Amino acid sequence: HRLALTAMVLALCVIPAHGGHHAPLPAVRRVARLERPVHWVGASIVHENKTRDTEVLSGVLSLDGRFGLVVQDTLLPQLAPIKTTFTISLALFLLHEPDHSEGYRGIFWKGLGNNHRTPSAWLVPGSNRVTFRVSTTSAREVWGTSTLSLPTRRWCHVAFSMGSDRLMRFYIDGQLDAVVEVVGDVVANAGPLFVGRDMSQPGLRGFVASVHLHSFALEDEDVQQAAATAMSRHSAPDFDGEPEREARLTQHVDRVIDAARHKEFQQLMEDLPPAPESPTPVATDATECDGCGGRDGEAGEGGEEEDL
């Protein structure tokens with residue numbers, strides 16, 4: 001069978017065409033090599049982000065200033081090493097009023113040492129304004145400060161973005177609060193992300209939730225949507241009914257204090273000697289009392305309200 005098949009193939013190869021003449025072989029075309037064009041499109045390194053999950057913290061984190069959440073760099077969306085762009089956002093519930101005796105209090109910081117600032121944010125000493133910072137090729141840190149202060153004892157949303165236009169943008173409750181232009185190219189680092197206390201500064205006292213990190217700068221509309229989503233989840237500071245129990249306990253304590261004060265006042269009045277009768281009339285009208293305050297309980301000019 002193999003010999004027959006080989007003979008058939010050879011016969012097909014030698015069949016003459018057009019009156020006994022063999023068909024001519026097609027001419028081989030020489031393909032010319034493309035010459036290098038005069039103008040080339042500029043090339044740049046494309047950074048591949050292998051982590052698509054932008055959610056760093058989905059639950060609610062309770063902080064007392066002494067501790068912080070540490071998330072390793074391998075678990076975060078990978079930022080471009082240079083010409084870094086990002087957006088980090090989170091919901092905050094601060095429990096403390098500004099104290100001038102306190103230094104910087106950490107909100108978040110990513111880095112391995114004091115030369116790393118991308119990205120980072122702290123509460124300014126003596127206020128609830130925020131300083132936000134990055135590191136660049138020209139400076140160890142470039143910073144800006146928020147115009148508004150963060151509120152206390154209510155939820156708010158903050159976002160910090162760095163775009164390819166070299167502008168740092170800081171948002172409070174979805175609204176653009178401050179814009180700062182940086183010098184040089186922003187550089188990232190391979191350090192972990194600290195939420196709350198970091199390696200050198202104490203952290204905020206309060207609650208943190210809905211922490212997200214993107215490897216690009218969100219548009220203003222996207223930040224507004226992120227703030228609306230986070231605030232809808234944490235519109236009221238209700239953590240398993242604790243505020244309600246705290247309010248009831250506060251009312252009970254107030255009632256106990258009022259009762260104790262009333263009892264103490266009654267005992268004091270009983271221990272006082274009887275007052276002698278005085279013929280001096282008591283002024284009942286402010287117009288009949290020289291040097292008294294004004295009408296309707298208002299303090300007169302230069303006068304002070306009397307403590308009850």
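A nonpolar core here is a set of buried Ala, Val, Leu, Ile, Met, Phe, Trp, Tyr and Cys residues joined through side-chain atoms within 4.5 Å, where buried means under 20% relative accessible area, exposed over 50% and partly exposed in between (1.4 Å probe, protein chains only). The model is predicted: local features need pLDDT of at least 70, side-chain atom pairs count only at pLDDT 80 or more, and totals for chains, interfaces and linings use all residues. Residues are numbered from 1 along each chain as its sequence is written, and side-chain values use heavy atoms, with hydrogens and water left out.

**View 1. The largest nonpolar core has 38 residues.** L92, I107, L150, F160, M168 and V208 touch the most other members. Strand β3 (residues 86–94) gives the largest share, five residues; strands (E, at least two residues) are DSSP runs, numbered from the N terminus. A second, separate core of six residues includes A91, F93, F207 and A230.

**View 2. Six strands form an open antiparallel sheet.** Their order is β2-β11-β4-β5-β6-β7, and two strands pair if DSSP finds at least two bridges between them. Because β2 (68–71) and β7 (142–145) each have a single partner strand, one side of each is left without a neighbour in the sheet. Zooming in, β4 (residues 105–110) and β11 (residues 193–196) pair over three bridges, and W109 has F194 as its bridge partner in β11.

**View 3. D173 sits in the loop between β9 (167–172) and β10 (175–181).** D173 is partly exposed, at 29% relative accessible area. Beyond its neighbours within four places in sequence, D173 is in contact (heavy atoms within 4.5 Å) with R154, C156, H157, A227 and M231.

Notes
Helices (H or I, at least four residues) and strands (E, at least two) are DSSP runs, numbered from the N terminus.
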